[in-house]
Amino acid sequence: MFSNTEIGIDLGTANILIYAKNKGIILNEPSVVAVDITTNQIVAVGNEAKEMIGKTPRNIVPIRPLKDGVIADFDMTTQMLKAFLKKVSKKAGVSMRKPSVVVCTPPSGSTAVERRAIDNAIKSFGAKEVHLIEEPIAAAIGADLPVSEPTASMIVDIGGGTSEVGIISFGGVVASRSVRVGGDHMDEEIIQYIKRHYNVLIGESSAEKIKIEIGYALVDHTEEEMQVRGRDLVTGLPKVITIRSTEIQRSIKEVLDSILHAITETLENCPPELSGGDIVDQGITITGGGALLKGMQEWLSNEVKVPVHLAPNPLESVAVGTGRSLQMIQKLQKAVK
């Protein structure tokens, strides 16, 4: 136990990760809250709440208080954060006496109101000071890129609700683009595709499982098949269908094209000295859950014509970078100014 704890928080649409100095990642749970709508009380958070999706009685509703990378429900986000921080202080033995907190803000295009909402949510828990850091910088630090050097580092963070593209040099963002599409949107497209073509309704968890097991970026591959269980929309009875990986590819094409468009736009807005030199040499680093989609590196490399590297821990890059930035926050803030 130690006071004046330094904590980094990655407020993700799909998952919330908390990093503590000297301890690493101390919490990684889904950003889901189960609420009893009759009393407006939180019944469960994180893993427990996610397991309830699609299985609860009418009075208990699992909700995601963060939508497309921004706070959609401030009260629920505050309560969820408090529950997670309480869990961390009990399980990880981290003192929560006036912690210094760095929060990775949602999209680099987020508004001042959205940023203030995050600041207030953390301060209401008793934080001594709250610093906000942009997601591309946090992801780049977590991916071990030389962010404070005069060379350009390009990072693409494909999260649950948003995809962030950033070119960083001298500790600041030179060019960035944020699109509100990510892994959750791929899941939604898979649900809609199966509904349209098979008249079968599946849940979010099933769609995510399909994406992980037979989902591919737009590359040639040996076709794979998977059996999927859902509800027949005609009879209302359970039904098992067989779905192919090429169909999943088609269903998520629009989301992938949006991510690619964000990357090309960022490169277009980047000074030619950086895009023509450093990025061609160093390539692009991809992080986030979406970076783990099969064939993603190969597809992006073919499209952008530069090397594409996968970060060492794609799912944890932003949280690790947020935590590590505690040591260099003053330097980063000077660069921003």
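This is a predicted model: local features need pLDDT of at least 70, side-chain atom pairs count only at pLDDT 80 or more; totals for chains, interfaces and linings use all residues.
**Figure 1. The five-stranded open sheet.** Five strands, in the order S3-S2-S1-S9-S10, make up an open sheet whose pairing is mixed. Its edges are formed by strand S3 (24-30) and strand S10 (129-133), each of which pairs on one side only. From one strand to the next, the twist averages 20 degrees. Strand S2 (residues 15-20) is joined to S3 by six bridges in the antiparallel sense, and within this pair isoleucine 18 stands opposite leucine 27 of S3. Two helices pack on the sheet: helix H3 (residues 112-123) touches strand S1 (6-11), strand S9 (100-104) and S10, with its direction at about 145 degrees to that of S10, whereas helix H4 (residues 135-142) touches S9 and S10, its direction making about 90 degrees with that of S10.

**Figure 2. Strand S2 and its two hairpins.** Strand S2 is largely enclosed by the rest of the structure, because five of its six residues are buried. With S1, strand S2 forms a hairpin that has three residues between the strands; the two pair in the antiparallel sense over five bridges, and glycine 8 is found opposite tyrosine 19 of S2. The hairpin of S2 and S3 likewise has three residues between its strands, and in this hairpin asparagine 22 adopts a positive phi near 75 degrees. Alanine 20 has glycine 24, in S3, as its bridge partner.

**Figure 3. The three-stranded open sheet.** Three strands in the order S5-S4-S6 form an open sheet with antiparallel pairing. Strand S5 (41-45) and strand S6 (60-63) are the edge strands, each pairing on one side only, and the twist from one strand to the next averages 30 degrees. Strand S4 (residues 33-36) runs antiparallel to S6 and is joined to S6 by four bridges; aspartate 36 stands opposite isoleucine 60 of S6.

Figure 4. In soluble globular proteins, nonpolar side chains tend to be buried together. The largest nonpolar core of this model comprises 48 residues, and those with the most contacts inside this core are Ile194, Ile202, Ile210, Ile263, Ile284 and Met296. Helix H8 (residues 253-268) supplies the largest share of the core, namely seven residues. Because domain 2 (149-181 + 258-311) and domain 3 (183-251) both give residues to this core, the core lies between them. When neighbours within four places in sequence are left aside, isoleucine 210 is in contact with Ile190, Ile194, Ile202, Gly215, Met226, Val228 and Ile248.

How values were computed: Residues are numbered from 1 along each chain as its sequence is written. Side-chain values use heavy atoms; hydrogens and water are left out. Two strands pair if DSSP finds at least two bridges between them. Axes are lines fitted to C-alpha atoms, for helices over the stretch in contact, and angles run from 0 to 180 degrees between N-to-C directions. A nonpolar core is a set of buried Ala, Val, Leu, Ile, Met, Phe, Trp, Tyr and Cys residues joined through side-chain atoms within 4.5 Å. Buried means under 20% relative accessible area, exposed over 50%, partly exposed in between (1.4 Å probe, protein chains only). Domain bounds come from an automatic or database domain assignment. Contact means heavy atoms within 4.5 Å.
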